Amino acid sequence: MTIPRRSRRGAGALVAAAVVGLTGGVISAGPAVAHTPTWAVTCSEVTVDLTNYTSDVPNTVTVSVDGKDLLPTETFGREFHKKLALPDHDKPVTVRLVVKDADGDGKHSIDQTKTAEVCEEEPTPPTEPAPSQTPSTGTPEPSATPSDEPSESAPAAPAPSPSSPDLAETGSSSSTPVIGGAAVAVLLAGGGILWAVRKRRTAQG
């Protein structure tokens, strides 16, 4: 059976229209599923990254901690990126993220909560002892040159004690003149006696 050319052309047009329709449907559906809301919570901060949202509508984002605004409601377009520091807390706190998608029925809006734990305190490093006093690096001064003369502070030689024994005699003494005088007197006395005896004999003879 032979199909007329007009019928072939009509069938080709239908196939082409179906392909275009499917392609258009995929293309139009792409942006709708591309919304990417991601966020993370640590003990000290909150990170929010929102991408591929519709740019010409007023999307909004809000972040709160235990019911108090950490990020008041803020409008954004295609993307939103922010890192927020959490307030100090000594017990776990609840962080809430609310994103409202203003495109169509807002099916990409989110309302989620996460818990921020308490940060562990870093251990205090041990206290190091204070360093000892640094020794002087200066050149030491040379000592005074010794003098040939005795020092004025040297102790004087001790004087001989009066009770100490007499020093050895050196051949002279204070008694020598006395002894000599006595000898002369003896000699003179002897001579006088001899002269008297002789004179008496002469007178008797």
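## Close-up views of a predicted model

**View 1. A salt bridge joins Asp111 and Arg96.** In this predicted model, the closest N and O atoms of Asp111 and Arg96 are 2.6 Å apart. The pair links distant parts of the chain. Asp111 sits in strand S7, Arg96 in strand S6, and 15 residues separate them. Asp111 is partly exposed, at 46% relative accessibility. Arg96 is partly exposed too, with a relative accessible area of 38%. Side chains of opposite charge can pair when their charged atoms come close.

**View 2. Glu74 and Lys82 form a salt bridge.** The structure holds two salt bridges. Here the side chains of Glu74 and Lys82 meet, with an N to O distance of 3.4 Å. Glu74 has a relative accessible area of 27%, so Glu74 counts as partly exposed. Lys82 is partly exposed at 29%.

**View 3. The largest nonpolar core has 19 residues.** Val48, Leu50, Val61, Val95, Leu97 and Val99 have the most contacts inside this core. Six strands each supply at least two of its residues: S2 (45–51), S3 (59–65), S4 (68–76), S5 (80–85), S6 (93–100) and S7 (110–116). Strand S6 gives the most, with four residues.

**View 4. Leu97 and its contacts.** Setting aside neighbours within four places in sequence, Leu97 is in contact with Trp39, Val48, Val61, Thr62, Val63, Ile110, Asp111 and Gln112. Two of these, Val48 and Val61, are listed with Leu97 among the core residues with the most contacts. Another, Asp111, is the salt-bridge partner of Arg96.

**View 5. A disulfide joins Cys43 to Cys119.** The structure holds one disulfide. Its S to S distance is 2.0 Å. The link is right-handed, with 100° about the S-S bond. It connects distant parts of the chain, 76 residues apart. Cys43 lies in the loop between strand S1 (36–41) and S2. Cys119 lies in the loop between S7 and helix H2 (176–204). Cys43 is partly exposed, with a relative accessible area of 27%. Cys119 is also partly exposed, at 33% relative accessibility. A disulfide is a covalent bond between the sulfur atoms of two cysteines.

**View 6. Asp101 is buried in the loop between S6 and S7.** The relative accessibility of Asp101 is 5%. That is under the 20% cut-off, so Asp101 counts as buried. A polar atom of the Asp101 side chain lies 3.1 Å from the backbone nitrogen of Asp103. Not counting residues up to four places away in sequence, Asp101 touches His35, Tyr53, Asn59, Gly106, Lys107, His108 and Ser109.

Methods. Residues numbered from 1 in each chain as written. Predicted model: local features only at pLDDT ≥ 70, side-chain atom pairs only at ≥ 80, totals over all residues. Heavy atoms only, no water. Core = buried A, V, L, I, M, F, W, Y, C linked by side-chain atoms within 4.5 Å. Buried < 20%, exposed > 50% of the residue type's maximum accessible area, 1.4 Å probe, protein only. Contact = heavy atoms within 4.5 Å. Disulfide = S-S within 2.5 Å. Polar contact = N/O pair within 3.5 Å; in protein donor to acceptor, adjacent residues only side chain to side chain. Salt bridge = Lys/Arg side-chain N within 4 Å of Asp/Glu carboxyl O.
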